[in-house]
Amino acid sequence: MSKKLNPKSISKVSEKETDMSKHSGREILNEESRISPNTFIEERIHYTACDHVVTKVEVVEDEFVNMTRDEYTKYLDENYPNKRIISYSSNKITLGITKNHLCENHYVVGEEDGFIAIFRIGENGERIVEKVFIDYPISLLMEIDQEKIVEGIVVDSEEELSEILENFIS
């Protein structure tokens, strides 16, 4: 013989269980998400001078392990005010950074000590001398080309760099 369940009695039981959980004195706490040794930090760097976004991913440094979002935010505010948290979890933290210069993916054809030179772009936007063409003083160029070289011609690739150099060195 099978018993039929009464739907009213089921709902009463569940109401009683709900009441018991409210008054049991126990509270479920949301454990705050903390940075672990396996957390990745993804930095999305927006370079305003070229409008490029470069993404860098690294494993979190030991000093940040066990920090909460609030603690990490406070650390960034105090030490890196140009960085902001885009997303945060114990697996991955995404940071947004804005830099007001060219990214490292560019070259500049410019002038060094009166000669045509190639510069790389450093991490902080500085020009780093890559090569100086001592056989090609800018004084041999037309005045308008000299001005361009002194100002610096930004190029986006090695192919473009070769084309620009060919125009000035050939």
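Is Asp113 buried or exposed? Asp113 is exposed, because its relative accessible area is 65%, where exposed means over 50%, buried under 20% and partly exposed anything in between (1.4 Å probe, protein chains only). Keep in mind that this is a predicted model, where local features need pLDDT of at least 70, side-chain atom pairs count only at pLDDT 80 or more, and totals for chains, interfaces and linings use all residues. Residues are numbered from 1 along each chain as its sequence is written, and side-chain values use heavy atoms, with hydrogens and water left out.

**Overall layout**

- Going along the sequence, the pattern of the protein chain reads α-β-β-α-β-β-β-β-β-α-β-α.
- Of the 170 residues in the protein chain, 31% are buried.
- Take the contacts (heavy atoms within 4.5 Å) between residues at least 6 apart in sequence: 47% of them join residues at least 24 apart.

**The Lys83–Glu43 pair**

- Lys83 sits in strand S3, which covers residues 83–88, while Glu43 belongs to strand S1.
- Their side chains are joined by a polar contact of 2.9 Å. That term covers a pair of N or O atoms within 3.5 Å; within protein, one must be able to donate a hydrogen and the other to accept it, and residues adjacent in sequence count only if both atoms are side-chain atoms.
- Both partners are charged residues by the classes used here, yet Lys83 counts as buried because its relative accessibility is 17%, and Glu43 counts as buried because its value is 18%.
- Leaving out residues up to four places away in sequence, Lys83 touches Glu43, Leu76, Leu95, Gly96 and Ile97.
- With neighbours within four places in sequence set aside, Glu43 is in contact with Val54, Thr55, Lys56, Lys83, Leu95 and Ile97.

**The largest pocket**

- How much space lies in the largest pocket? About 440 Å³, with 21 residues lining it; Glu43, Glu58, Glu61, Tyr80 and Lys83 are the closest to its centre.
- A pocket here is an open set of points on a 1 Å grid over the protein atoms alone, where a 1.4 Å probe fits and protein lies on both sides within 12 Å along at least five of seven lines; lining residues have an atom within 4 Å of a point.
- Grid points are joined across faces, edges and corners, and the volume is the space filled by probe spheres set on the points.
- Strand S1 (40–47), strand S2 (52–59), helix H2 (69–79) and strand S4 (92–99) each give the lining at least two residues.
- The lining splits into 11 nonpolar, 2 polar and 8 charged residues. Nonpolar covers Ala, Val, Leu, Ile, Met, Phe, Trp, Tyr, Cys and Pro, charged covers Asp, Glu, Lys and Arg, and the others, Gly among them, are polar.

- Leu95 is in strand S4 and counts as buried, because its relative accessibility is 1%.
- Beyond four places in sequence, Leu95 has contacts that include Ile41, Glu43, Tyr72, Leu76, Lys83 and Ile86.
- Thr98 touches His46, Thr48 and Asn82, not counting residues up to four places away in sequence, and its C-alpha atom is 7.6 Å from that of Lys83.

**Cysteines**

- The count is 0 disulfides, a disulfide being a pair of cysteine sulfur atoms within 2.5 Å.
- Cys50 is buried at 17% relative accessibility, and Cys103 is buried at 0%.

**Positive phi in loops**

- Asn66, in the loop between S2 and H2, has a positive phi of about 80° although it is not a glycine.
- Asp113 lies in the loop between strand S5 (107–112) and strand S6 (115–121), and its phi is near 55°, again positive in a residue other than glycine.

Technical notes. Helices (H or I, at least four residues) and strands (E, at least two) are DSSP runs, numbered from the N terminus.
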